[in-house]
Amino acid sequence: MGDLVEKSKAKSALEAVLEERKKLPIYPYRDELLKAIDEHQVLIIVGETGSGKTTQIPQYLHEAGYTKRGLIACTQPRRVATMSVAARVSQEMGVKLGHEVGYSIRFEDCTSDKTIVKYMTDGMLMREFLGEPDLASYSVVMLDEAHERTLSTDILFGLVKDIAPFRPDLKLLISSATLDAEKFSDYFDPAPIFKIPGRRNPVEINFTKAPEADYLDAAIVTALQIHVTQPPGDILVFLTGQEEIETAEEILKHRTRGLGTKIAELMICPIYANLPSELQAKIFEPTPEGARKVVLATNIAETSLTIDRIKYVIDPGFCKMKSYNPRTGMESLLITPISKASAMQRACRSGRTGPGKCFRLYPAYNFQSDLDDNTIPEIQRTNLTNVVLMLKSLGINDLLHSDFMDPPPAEALLKALELLFALGALNKLGELTKVGRLMAEFPLDPMLSKMIVASENYTCSDEIISIAAMLSIGNSIFYCPKDKQVHADNARLNFHSGNVGDHALMKVYNSWKEINYSTQWCYENCIHIRSMKRATDIRDQLAGLLERVEIKLTSNSSDLDAIKKSITSGFFPQSARSQNGSYRTVKHPQTVHIHPSSGLAHVHPRWVIYHELVLTTKEYMRQATELSPDWLVEIAPHYYQLKDVEDSVSKKTLRGLEFYFLLH
Ligand code: CDP
Ligand code: MG
């Protein structure tokens, strides 16, 4: 009996979902769309955010029988969106996530033998080409959110265009939320464009009279003003990253506390890439009666995720954007003004279910004269080393003359080739070497893969993959509770003794393993257990990859020099020597610093190599390791000459002494 009740409940839930699906703007065009897909191999699909492209098209294709011939892949530029849409679609189809509908993101494969609809990051589909160059197991590839023009999506355009003639049965869909579809169409010689008419509501756009000195504060004040004075409707605030969002969340919580009972409750929902998935789901939950929701989001809410019932958008006009200097090879993530196209997308998010209002926290003249029309595609402002290694592994050699939608700067391509050559991944003719082939097997930055491949020579692959796994989880290992700051600092510094520098990450990992993955231990040391679990998971996968490329898992934990030499084998291009209290990078000299929170800050070794540079108030080296300068010449004789690493200071002193002795 209870079973029957459960079943009928599930059925009515499915029926309700079906009703919802029928209300989406794409639904009336279902049959027409399927017909167009049937008739053309490549189709460009344009429809406003929220029309149902991402969640519906793969389902329509499945219903029309495409999954009988192979998998349907739908790519997303962002991890969070990939997981979230896969979860939504599995729900709509009434199946368990990971069964018929699954997702694949780096280091996390949530698919099974049953999977027929696979949401995946564009980076993961790019990697699929390595194992299956003609994508034989797929019947449809949908490159979604194409307007975002991420590096991987741009590369995929070229790869799918190449295989199309050999796979006449493979359907290629390029879907986009903006109107630059002509460009996509032209690239595919030309492909027809299918437009899904939107149901647009009017959006009132407001500018500020003068520029804001502190956009974060202005955003918070505006959100509170809307909350107190405007009719019901949820608010979406665009901020640039996790830190800003957390600050805004805290301030908003604090300021709403004093508002009294007359003002409705304000539900604060953050969303950014590193937010645990349980919390991410909160943004889609309906706002309780009488309350108002404020979503604090990164660019992810611009087009990748549709949040219903947003009526007010606050747009400070900034986003975090990668920029790359091909001359120095340095990449940085900077807070940058958005483009006009982005500003339009943001504004539109307020008018999905009714008339909306957008508050731009900058003056109208700024919008007109200072913002670029479009965001520059990532391929033109990023480090290409990873992608060049991938393309080389796929046998694509003449990169300078490859058919890109927008070509990368030649300088950036050359820089990538140069670095891959220095790492030993390419030979003098630019051909992939054995080392390069091994490196390409790892879904990591080439310097990290080289470090792993080199660890074989130093018999410390066991330690090195722990370090690589810890580096891959980014900057979210330690946390610092406000009431226990000293305790947290001490806990962190505890792992830094012995001068391994920030690669003390290995120590953190080993201690966690020794203590049997204890939650209590994480708590006591102010370490995020979620990060540690993820590191363990990544490490297991790296161990699997080592086995695949036949590198033995060997441990050499007592030989710190061996471990540091392995690290040097990958990161030698990023060396710096101590100078006047800070550091100077050896190649392309620039002044950099050890972060004060680092264990090495107190030791101040003469020579270090670093994992990456992060620009905050200064250029800081993240994860620095002490090394002996002669290793640079020993490990990378083609890259460093003796004169690069000779300690100029001591040399001068020596010469001074000689002079002194001569005279006396
Ligand atoms: O891809 P496009 O922007 O055209 O739309 P979509 O992502 O397929 O969204 C269609 C509908 O599904 C919207 O009403 C979303 O709010 C909803 N959706 C959701 O509720 N939860 C998700 N994780 C993703 C979409
Ligand atoms: Mg979408």
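Guide: Gladly! Let us start with a pair of helices: the axes of α14 (residues 385–393) and α15 (residues 410–422) come within 9 Å and cross at roughly 75 degrees. Do keep in mind that this is a predicted model.

Visitor: How should I read such a pair in general?

Guide: Two packed helices are described by the angle between their axes and by the distance between those axes. Here, the crossing angle falls in the range from 65 to 115 degrees, so α14 and α15 are roughly perpendicular to each other.

Visitor: Which residues of α14 and α15 make the contact?

Guide: From α14 they are T385, V388 and L389, and from α15 they are L413, A416, L417, L419 and L420. Sorted by class, this contact has 7 nonpolar residues, 1 polar residue and no charged ones.

Visitor: Now the ligand. Which residues come nearest to ligand 1?

Guide: There are 16 residues around ligand 1, and K53, T54, T55, R88 and T306 come nearest.

Visitor: Which helices each supply at least two residues of that shell?

Guide: Those are α3 (53–63) and α4 (79–93). The largest share, 4 residues, comes from α3.

Visitor: And what is the make-up of the shell around ligand 1 by class?

Guide: The shell divides into 10 polar, 3 nonpolar and 3 charged residues.

Visitor: Let me pick a single residue. Is S152 buried or exposed?

Guide: To judge that, count the neighbours: a residue is buried if 20 or more other C-beta atoms lie within 10 Å of its own. S152 has 23 of them within that distance, so S152 is buried. This serine lies in helix α6 (residues 151–163).

Visitor: What does S152 touch, leaving out residues up to four places away in sequence?

Guide: S152 touches D122, G123 and M126. As for K282, S152 is 130 residues from it in sequence and 29 Å from it in space, C-alpha to C-alpha.

Visitor: Finally, how do I read the protein as a whole?

Guide: Begin with the inventory: the protein has 27 helices and 21 strands. Its radius of gyration is 27 Å, close to the 26 Å that the globule rule gives for 664 residues, so the protein is as compact as a globular protein of that length. The C-alpha trace spans about 95 × 65 × 65 Å along the principal axes.

Visitor: How much of the protein is buried?

Guide: Buried residues make up 43% of the 664 residues. For contacts with a separation of 6 or more, residues 24 or more positions apart account for 73%.

Notes: Residues numbered from 1 in each chain as written. Chains lettered and ligands numbered in written order. Predicted model: local features only at pLDDT ≥ 70, side-chain atom pairs only at ≥ 80, totals over all residues. Rg over C-alpha atoms; globule rule 2.2 N^0.38 Å. Buried ≥ 20, exposed ≤ 12 C-beta atoms within 10 Å, placed from the backbone. Contact = placed C-beta atoms within 7 Å. Axes fitted to C-alpha atoms, helices over the stretch in contact; angles between N-to-C directions. Parallel < 35°, antiparallel > 145°, perpendicular 65-115°, else oblique. Nonpolar A, V, L, I, M, F, W, Y, C, P; charged D, E, K, R; others polar. Near = placed C-beta within 6 Å.
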